[in-house]
Amino acid sequence: MSDAPPLHERIVKALRSVYDPELPVNLYDLGLIYDLSIEDRPGRDASVRITMTLTAPNCPVADQIPRDAERAVRAVEGVGDVAVTLTFDPPWTADRMSEVAQIELEAMGIDPRRPSDFHAPKPTRLTIGRKPP
């Protein structure tokens, strides 16, 4: 009998070791992991499928974060194939963060409960004309 934690726990721990470079919170607690599925394969290492998002579609490290997540999960003993799919549907909102992530951000002076439409485009009011004399 093995004393190792279940594979799912070890994968979550690996995902918690990967941090968003713009926010000092890990991917899992930020709520960027939408789905984690593990396919056990008798006699072989498990196949892992991850569906994740980013805090914003125009994230400057959009290519790096999924690769970091894949690399961390692939290093877990008992994991073979790893596939990471990036999606923006549904868009990420701060409501997806764990309580731990919210507390960490609050401690740093960041309000995690900003409006969920923070990244939504907003119209800019512009008035063109002359100032009255």
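These notebook entries record what I looked up in the structure above.

**Basis.** I worked from a predicted model, in which local features need pLDDT of at least 70 and side-chain atom pairs count only at pLDDT 80 or more, while totals for chains, interfaces and linings use all residues. Residues are numbered from 1 along each chain as its sequence is written, and side-chain values use heavy atoms, with hydrogens and water left out. I took helices (H or I, at least four residues) and strands (E, at least two) as DSSP runs, numbered from the N terminus.

**Sheet.** I began with the strands and found an open sheet of three, in the order β1-β2-β3, with mixed pairing; two strands pair if DSSP finds at least two bridges between them. β1 and β3 stand at the edges with a single partner strand each, so one side of each is left without a neighbour in the sheet. From one strand to the next, I noted a twist that averages 15 degrees. Axes here are lines fitted to C-alpha atoms, for helices over the stretch in contact, and angles run from 0 to 180 degrees between N-to-C directions.

I then went through the pairings. β1 and β2 run antiparallel and are joined by seven bridges; aspartate 35 has threonine 51 in β2 as its bridge partner. α1 packs on the sheet and touches β1, β2 and β3, its direction making about 140 degrees with that of β1. α3 also packs on the sheet, touching β2 and β3, and its direction makes about 160 degrees with that of β3. For these contacts I required heavy atoms within 4.5 Å.

β2 and β3 run parallel, with six bridges between them. I recorded valine 82 in β3 as the bridge partner of valine 48. With α3, these two strands make a right-handed β-α-β unit: with the strands pointing away from the viewer, the path from the first strand over the helix to the second runs clockwise.

**Helix faces.** I listed Ile65, Pro66, Ala69, Ala72 and Val73 as buried in α3 (residues 64-74), where buried means under 20% relative accessible area (1.4 Å probe, protein chains only). Seen down the axis of α3, its buried residues fall within an arc of 125 degrees, so they line one face of the helix. The arc is that of the directions from the helix axis to the C-beta atoms. They pack against α1 (7-15), α2 (27-30), β2 (44-52) and β3 (79-86).

In α1, I found Leu7, Ile11, Val12, Ala14 and Leu15 buried. Their arc is within 160 degrees down the axis of α1, so these residues also line one face of the helix. They pack against α2, β1 (33-41), β2, α3 and β3.

**Core.** Of its 33 residues, Ile11, Leu27, Val48, Ile50, Met52, Val73 and Val79 touch the most other members. α1, α2, β1, β2, α3, β3 and α4 (99-107) each supply at least two residues, and the largest share, five residues, comes from α1. Beyond four places in sequence, methionine 52 touches residues including Leu27, Ile65, Ala69 and Val84.

**Valine 25.** I finally looked at the loop between α1 and α2, where valine 25 is found. Valine 25 counts as buried because its relative accessibility is 0%. Its C-alpha atom is separated by 6.2 Å from that of alanine 101, 76 residues apart along the chain. Leaving aside neighbours within four places in sequence, I found valine 25 in contact with Tyr19, Asp20, Leu30, Ala101, Glu104 and Leu105.

Methods:
Buried means under 20% relative accessible area, exposed over 50%, partly exposed in between (1.4 Å probe, protein chains only). A nonpolar core is a set of buried Ala, Val, Leu, Ile, Met, Phe, Trp, Tyr and Cys residues joined through side-chain atoms within 4.5 Å.
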